[in-house]
Amino acid sequence: MAGSLAGEEAAVVGGRRGGPLIVTEDVELLDDLLRLCAAAGAEPEVHHGPPGRRGSWERAPMVLVGDDAAARCRGAGRRKGVMLVGRDQDDPDVWRRAVEIGAEYVLRLPDSEGWLVDQIANAAEGVGRPALTVGVMGGRGGSGASTLACALAVSAARSGRRTMLIDADPLGGGIDVLLGGERAEGLRWPDFAQSKGRLGGGALEDSLPALHGLRVLSWGRDDEVVIPPQAMRAVLAAARRLGGVVVVDLPRRVDEGVAEALAQLDLGLLVVPGELRAVAAAKRVASTAGMVLDDLRVVPRGPYASGLDGSWVARAIGLPLVGELPWESGLLDSQDDGTPPGGNARSSLARFCAAFWDQMAAAGDTSPVTGPSGGGTV
């Protein structure tokens, strides 16, 4: 049971801020609250009464007051984020005590445990604007979708955006290879396959390999693992809560896990080589992905077959045109030298990506954009 006493909880902007303040002498209640904090990835400060250092009461992102400690907290300063927590479902005096300490919420365990874990995680991490989440998928095999996904992530990180690149294609060979980080330390998808419920954004970010200024979630080299929808949901939700930019490299085949990823995207980019067979294949991919994703746009890639151009490709598929992906010679040689796709800021691919992010930002990240490489307005 959770009841609001004083309006909506104020939003907390950006950054990880530490755990809640817990005030209780009830050993069993304290054990429960410590367990919930651990599930939320937060480290609390514990006191038997209002802390002598008044700043702790004021600075904590939230305060959890046990029923047993309510009387001792009557003189504490009024603030937002105070919650009165206990187990007695039939306590007739609980609302009076809540009013006396200025509590915004009254929580009864175990009924409110799931809700409270979310609130603790939100308070510890901060809740700001969610990340702009862009998925990239190919209209056919070998279309260059993974290359574009890497380049978009590298470009976003270079511009100072907080960036995470997530490889959702188990048969793609590992997107960390394109970044030269297949041996980098950090967790891979097999470590998250059993994830359920709430996953801490900060803990996810800290656990992943750091490559070229961004964090990367890719696949193990030898492990064959299927990512269930709940694990995909937990990982992407955690990544989005961090803010900035999340780029997802997607396979063409849509299973339950990929459908969950599509459902969390703000925008999808479909990379389509300029040839008739690729356009035919891309129409089928677009039809399937479009059942889940509302905003899917086309990125045609040359060289084009005779009589085709980027606008024709977009019209044939029936989706908006973002812009034409430039052909970049020497890309494989650059990767052999340790330069990832988009790593050379003066390359045509990097300029395409930089223009894409700039125009998305100028449009508020969700409005139509003008193609960065001469494509029409979407």
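Student: Is Phe-356 buried or exposed?

Tutor: This is a predicted model in which local features need pLDDT of at least 70, side-chain atom pairs count only at pLDDT 80 or more, and totals for chains, interfaces and linings use all residues. Side-chain values use heavy atoms, without hydrogens and water, and residues are numbered from 1 along each chain as its sequence is written. Buried means under 20% relative accessible area, exposed over 50%, and partly exposed in between (1.4 Å probe, protein chains only). Phe-356 has a relative accessible area of 1%, so Phe-356 is buried.

Student: Which class of aromatic pair do Phe-356 and Trp-357 form?

Tutor: Rings of Phe, Tyr and Trp (its six-membered ring) pair if their centres lie within 6.5 Å; planes under 30 degrees apart count as stacked, over 60 as edge-to-face and the rest as tilted. For Phe-356 and Trp-357 the centres are 5.1 Å apart and the planes are at 65°, so the pair is edge-to-face.

Student: How many aromatic pairs are there in the whole structure, and how far apart in sequence are the parts tied together by Trp-189 and Trp-219?

Tutor: A search of the whole structure gives 3 aromatic pairs. Among them is the tilted pair of Trp-189 and Trp-219, at 5.8 Å centre to centre and 35° between the planes. Trp-189 lies in the loop between α6 (175-178) and α7 (201-207), and Trp-219 in the loop between β10 (214-217) and α8 (229-241), so the parts tied together are 30 residues apart in sequence.

Methods
Helix = DSSP H or I, 4+ residues; strand = E, 2+ residues; numbered from the N terminus.
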